Amino acid sequence: MLYGLMTEEINHSYDGGLYAELIRNRIFKDDPATPEGWSLVQANAGSKAAIKLMAPTQDNVPYDERRHAINEALTTCLRLTVEEASGRVGVANEGYWGIPVKPATTYQASFYLKGSGSVPPPPPRRGQPAPPAQPVIADNTAGPMTVTIESTDGKTVYASGTINLEKSIFWKKYSLTLTTGATVKPTTDARFVISTDRMGLYYFNLVSLFPPTYHDRPNGNRPDLMTMMVDMKPKFLRFPGGNYLEGPLITDAFPWKTTLGPLESRPGHRGSWGYRASDGMGLLEFLQWCEDIGAEPLLGVYAGYSLGGDHIDAGPLLQPHVEDALHEIEYVMGDATTYWGAKRVADGHPAPFKLRYVEIGNEDWFDRTNSYDGRFNQFRTAIEKKYPQLHCISTIADKQFPAMKVTSGKPPELLDEHYYRSAWDMWQNAAQYDTYDRNGPKIFVGEWATREGTPTTNLNAALGDAAWMLGMERNSDLIVMSCYAPLFVNVNQATATTKRAWQWDSDLIGYDALTSYGSPSYYVQKMFSDYLGDEIVPVTGANIPTHTRPLTRRDSVEGTTQKPTPALFYAATKNQQTGTVYLKIVNPTGNKLPIDINLQGMTKVAPSATMVVLKSAKPEDTNTISNPRNIVPITTTLKRLAPRFSRTLDPYSVTVLQLQNKK
Ligand code: AHR
């Protein structure tokens, strides 16, 4: 279980990321004031048209503009008013930094639509001022509507289709497919447009456009990102956060119940990273994601603390949240005879998911009131009573926050530690677990990263990561699980209409609407997971070179002198069944490093071995969306290997040797 993944809605990880939906603000709730992501399309100046957000939450909205809800979730819509039509008039969606156009690709489009004419305002009430006069617009809406994926200037149409708008005062869902031609050049410089050439009022809601998804799942995920994760062979997926689990306010916690079922019943919610979440990536989608990448879910449940600093005290006020967590667990692993298990079955997943780990909250050491002890115990007691097979994880680690740790009841089985560090900090702390108490709780390093590089990490970060991971591997009797964070980043910069896509540097996997790439840290993760045994092999080192961290301004202020730290890191694991040994070595320096390797415990080593090396000339070298494979691992075969041999490690390199026994 050592290497898994951690995920949350940050940096447009789902909306504008893994979740394949291409329409930004599909239910018009992203901004209560404007239809973010949407614009008016008007081919000729002779037309008279406008778009308006019909949000019931806006003050002073006339009744007629408030009553267009489809249900409790879809309460806000977009109105296109066409007073005069001279040629094409419509609404355009810009997507998440563009709509990705690929050749010979079929997209599934759908939307709710209704047409009408203007409704005369009601007569003024006695004593009330007369409502403002409105233009009388005849209802000429029924008939064909054109749906296109086209260039942002509207000059090139990549795919086109029509629906026939029925004359009706009620909402109706329309669906169609759009297919691009085989010779279309891939681009993100595209938009999605629904247009008409007739006057009237047109109302739009839940506008959706899906490209092909991984395993063709409806409401599914981007194939490229799924494949990158499958390649990492993660053992588990920690979700839904991170901060995203908790939300800014108590009312903003991940609302798993309203993330279930058809998209029509998902209102979305306020996220934790400055944008609204569509909740297209709901609880079942998280679980299916686990299934698709062969990982076990590690479920974080909201435990009554929110990012803004509010908390709910243990006791009766917290009990509804404990019940909520029990229901959530039942949805995940209950069978069809249970209430929530039956809901999962009805949602299309008859088999219970395998669940072993539940994390109570996230980073509760932020809660300065020290309420976690009570909250953790209330959750743990209830969860263990109903599900004795589950392991509850505490988010406060004894070593990191000794004054806040859980002290009541038995010690927690597992503690979640988080580390975001510089490469130097990683090198200086690479051996921190060598001295941890083996009689205490096991450790889950639930978030960690070397934060160097923007938006994705550079090679130096990968060298920091690799040294840190060797410390975890060497101590994996204690460190039972770990996961890097954040996993994803949409790398788009701000445009005239949108903010920068990401909130957090440095991240593992970067993408725009069309393509994706792995950072050097991604490749270290992949190498370490690809080449991993199930037994720790003792390795001793002699004459290990050292290097000293350059003095920082802070050092000068504090009068600190830096001590030399190792300039070579290593660990080995062995597959007990095959006898294969995986020896990993990191050279974080700019020097070539000659080393002697003595495989004392492996006298019958096969003469040829696989060697994988990740390196580059400079520590700040990196991969980008336009140069995605600048730094990738190179695999070669070493020949004529003996139990004792020498090698020279390249500067700034991570090396993995796969050593086999002679047949
Ligand atoms: O990974 C980014 C954030 O860092 C997580 O949301 C939070 O748990 C941590 O503080």
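**Entry 1. Overall fold**

I began with burial: of the 663 residues in the protein, 56% are buried. I note that the model is predicted. I then looked up the secondary structure and found eleven helices and 33 strands in the protein. The radius of gyration of the protein is 28 Å, close to the 26 Å given by the globule rule for 663 residues, so I recorded the protein as being as compact as a globular protein of that length. Along its principal axes, the C-alpha trace spans about 95 × 60 × 55 Å.

**Entry 2. Contacts and surface**

I next examined contacts between residues at least 6 apart in sequence; 75% of these join residues at least 24 apart. For the accessible surface of the protein I noted about 27900 Å², with 53% of it belonging to carbon and sulfur atoms.

**Entry 3. The ligand and its surroundings**

Which residues surround the ligand? I listed Glu8, Gly242, Asn243, Trp273, Asn362, Glu363, Tyr420, Glu447, Pro486 and Trp504. Sorted by class, this shell holds four nonpolar, three polar and three charged residues.

An N or O atom in the side chain of Glu8 is 2.5 Å from an oxygen atom of the ligand. For Glu363, I found a side-chain N or O atom 2.7 Å from a ligand oxygen atom. In Glu447, a polar side-chain atom lies 2.7 Å from an oxygen atom of the ligand. Finally, I looked up how much of the ligand is covered: taken alone it exposes 280 Å², and the protein buries 94% of that.

Notes
Residues numbered from 1 in each chain as written. Predicted model: local features only at pLDDT ≥ 70, side-chain atom pairs only at ≥ 80, totals over all residues. Heavy atoms only, no water. Near = heavy atom within 4 Å. Polar contact = N/O pair within 3.5 Å; in protein donor to acceptor, adjacent residues only side chain to side chain. Areas by Shrake-Rupley, 256 points an atom, 1.4 Å probe, with all protein chains shown as cover. Nonpolar A, V, L, I, M, F, W, Y, C, P; charged D, E, K, R; others polar. Helix = DSSP H or I, 4+ residues; strand = E, 2+ residues; numbered from the N terminus. Rg over C-alpha atoms; globule rule 2.2 N^0.38 Å. Buried < 20%, exposed > 50% of the residue type's maximum accessible area, 1.4 Å probe, protein only. Contact = heavy atoms within 4.5 Å.
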